[in-house]
Amino acid sequence: MKKAIIIGGGVAGMQTALRLAELGIEPLVLEKEAEAGGKLRGWHALFPSFTPAEEVLGELRRRIEEKKIRIRTRSEVRSIAPDSVTLADGTTLSCDAVVLATGFTLFDAAIKEEYGYGLYDNVFTSADIERMFNEGRVACADGRAPRRIAFLHCVGSRDEKVCQQHCSRVCCITGVKQAMEMKRLFPEADVFNFYMDIRMFGPGYEEMYREAQQRCNVHFVRGRISEAAPTLDGRIQIKAEDTLTGRPLRMSVDMLILLVGMRANDDNATLNSDLSRAPSGFFAPRDHFLGNIRSSVPGIFFAGTVTAPKNIGETLNEATAAADAVAEYLKA
């Protein structure tokens with residue numbers, strides 16, 4: 001039986017392995033963390049349906065267990081070739097093809113010092129808020145319920161100053177989703193979204209955006225926050241400009257939430273020198289149309305956000321396509 005190694009045990013890696021098993025190819029998933037599941041393990045609900053993330057992840061895990069697919073955790077990869085993978089401990093594993101499904105890294109909001117993440121209380125990231133949703137405890141640093149909440153879009157996306165010129169695609173809809181969830185938790189709170197452009201590219205996204213405004217009364221302000229500073233009473237004062245009216249704006253909020261974008265993994269540059277990378281640092285597929293899951297090296301394939309920001313649905317679909325491409329390659 002032909003064997004394929006999938007590097008990365010997130011949703012892309014798990015779905016790739018499931019499809020390979022269906023096609024009669026033996027998959028082995030290598031995951032550097034102690035547990036498979038990737039970023040989805042930290043998410044609460046998925047847009048636009050508010051489906052619990054655990055439902056999707058739980059079903060993938062159930063299928064993996066049912067198929068008896070091997071997932072080798074705490075396995076960090078040092079180098080790859082079409083017929084082998086070498087781990088950080090020097091172990092070399094042989095295979096017939098490799099699928100890279102190593103995903104992305106969340107932008108470190110502390111780099112944008114002007115927003116005070118890690119410096120001031122009550123400045124959070126979108127990932128922090130998802131964790132709070134999962135824990136069932138959303139509150140200000142001192143435990144009180146927020147009365148005014150501000151979301152800031154594009155933190156670590158479309159920003160030349162931090163060498164992140166690409167759009168992370170899912171931040172806008174994440175901001176809409178989280179704003180709606182905040183209104184459900186705190187109906188009397190004022191919720192603001194500060195944005196450069198609202199990009200609602202997916203099915204149901206535009207409808208969700210309209211619902212946030214019309215039913216949930218979420219306020220959308222076109223303008224970027226330039227500065228955030230703590231106040232004596234423990235709140236955060238923000239300065240911005242409403243670019244639609246051309247007027248400066250200043251307000252105090254109880255919570256400032258930074259919608260952090262996706263960036264390429266740092267080890268993309270060192271994993272394999274023969275693989276092409278885009279200017280963004282993500283791996284570059286052979287082409288964007290007929291070879292978007294094939295790398296520049298025959299026998300090495302891509303699945304999911306290793307090549308660009310994507311949502312969960314796109315990632316799962318691409319993982320299936322990558323597995324099909326592996327099967328086609330192994331038949332040649």
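Me: What are the ground rules here?
Reply: The model is predicted, so local features need pLDDT of at least 70 and side-chain atom pairs pLDDT 80 or more, while totals for chains, interfaces and linings use all residues. Numbering starts from 1 along each chain as its sequence is written, and side-chain values use heavy atoms, with hydrogens and water left out.

Me: Why is K68 called exposed?
Reply: Exposed means over 50% relative accessible area, buried means under 20%, and partly exposed lies in between (1.4 Å probe, protein chains only). K68 has 70%, so the label is exposed. K68 sits in the loop between α2 (53–66) and β5 (70–72). Helices here are DSSP runs of H or I with at least four residues, strands are E runs with at least two, and both are numbered from the N terminus.

Me: What makes R70 and E26 a salt bridge?
Reply: Their closest N and O atoms are 3.5 Å apart, which meets the cut-off. R70 lies in strand β5 and E26 in strand β2 (residues 26–30), so this bridge links parts 44 residues apart in sequence. R70, at 48% relative accessibility, is partly exposed. E26, at 26%, is partly exposed too.

Me: How many salt bridges does the rule give?
Reply: The count is 27.

Me: Why is S295 called buried?
Reply: The relative accessibility of S295 is 4%, so S295 falls in the buried class.

Me: How do you know that S295 makes polar contacts?
Reply: A polar contact is a pair of N or O atoms within 3.5 Å; within protein, one must be able to donate a hydrogen and the other to accept it, and residues adjacent in sequence count only if both atoms are side-chain atoms. The side chain of S295 reaches the backbone oxygen of V297 at 2.9 Å. The backbone oxygen of I300 is reached at 2.7 Å.

Me: What makes β15 and β16 a pair?
Reply: Two strands pair if DSSP finds at least two bridges between them. Strand β15 (residues 225–230) and β16 have five, and they run antiparallel. I225 has A240 as its bridge partner in β16. The two strands form a hairpin with five residues between them, and G234 in the turn has a positive phi of about 85 degrees.

Me: How do you know that β16 and β17 pair?
Reply: Seven bridges join β16 to strand β17 (residues 247–253) in the antiparallel sense. E241 stands opposite P248 in β17.

Me: Which residues form the covered face of β16?
Reply: I236, I238, A240 and D242 do, while Q237, K239 and E241 form the uncovered face. In a regular strand, side chains alternate between the two faces of the sheet.

Note on methods:
Salt bridge = Lys/Arg side-chain N within 4 Å of Asp/Glu carboxyl O.
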